[in-house]
Amino acid sequence: MELKDELPLDHKLAQVYRWGAAFCGVVLLVFGCFGLTDQLSPFNTDGGQIAGMSTNGVLSLISVVVGLALVVGGVIGGNFASTLNMAVGTLLLISGFVHLFILDKGANVLDFGMTNVIFSFVMGLVILTFGMYGRVSSRLPHDNPYWRRRHPREAEAEAAEHRALQAGRPTAIARCEASKALSAGSQ
């Protein structure tokens, strides 16, 4: 199975993934560009401040690269943007936890401060939420392509019932045909 087969190109969820990736990418891109325009030294940990967060040249460069990746994901859209959002969101959460433990230590080469850690957590959760929206839930609607992919027999039964109703057969006959399709799929 390829990811692009799961979500139709015109599905409304694709817009959530697209705009979520693009918005978060622009935020990271702006932060990184401000850091790069200040010409901060690459591993300086003396506390150059941009938008209330400490930064250095390497953190600014990482922010630009990740921001560009998210913007490109937003342009591509669909499942690619969703998967990219989930990956980047997870990495930002992990980064927040790692930097929480190395604050004020020599290993803090990206010059993270507590505001950076909080930003990493918040941005990671926002990006992760955009990526998982409509994909991960115990109560996805039955017209959701992810629900259909996870429940192929039930989806086929519903499709058989829908086809029978479209053909003008009575509802009882349509349900009987859908029930047969469901039982045939389980054998």
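**Entries on helix α4**

I first placed I118, which lies in helix α4, where helices are DSSP runs of H or I with at least four residues, strands are runs of E with at least two, and both are numbered from the N terminus. I noted that the model is predicted, that local features need pLDDT of at least 70 and side-chain atom pairs pLDDT 80 or more, while totals for chains, interfaces and linings use all residues. Residues are numbered from 1 along each chain as its sequence is written, and side-chain values use heavy atoms, leaving out hydrogens and water.

I then looked up the cover of I118 and found it partly exposed, at a relative accessible area of 46% (buried is under 20%, exposed over 50%, partly exposed in between, with a 1.4 Å probe and protein chains only).

Next I listed the buried residues of α4, which are N116, V117, S120, M123, G124, I127, L128 and G131. Seen down the helix axis they fall within an arc of 140°, so they line one face of α4; the arc is taken from the directions from the axis to the C-beta atoms.

I also checked S95, which lies in helix α3 and is buried, with a relative accessible area of 19%. Leaving aside residues up to four places away in sequence, S95 touches F112 and S120, contact meaning heavy atoms within 4.5 Å.

Last, I looked past the end of α4, where G134 follows with a positive phi, near 80°.
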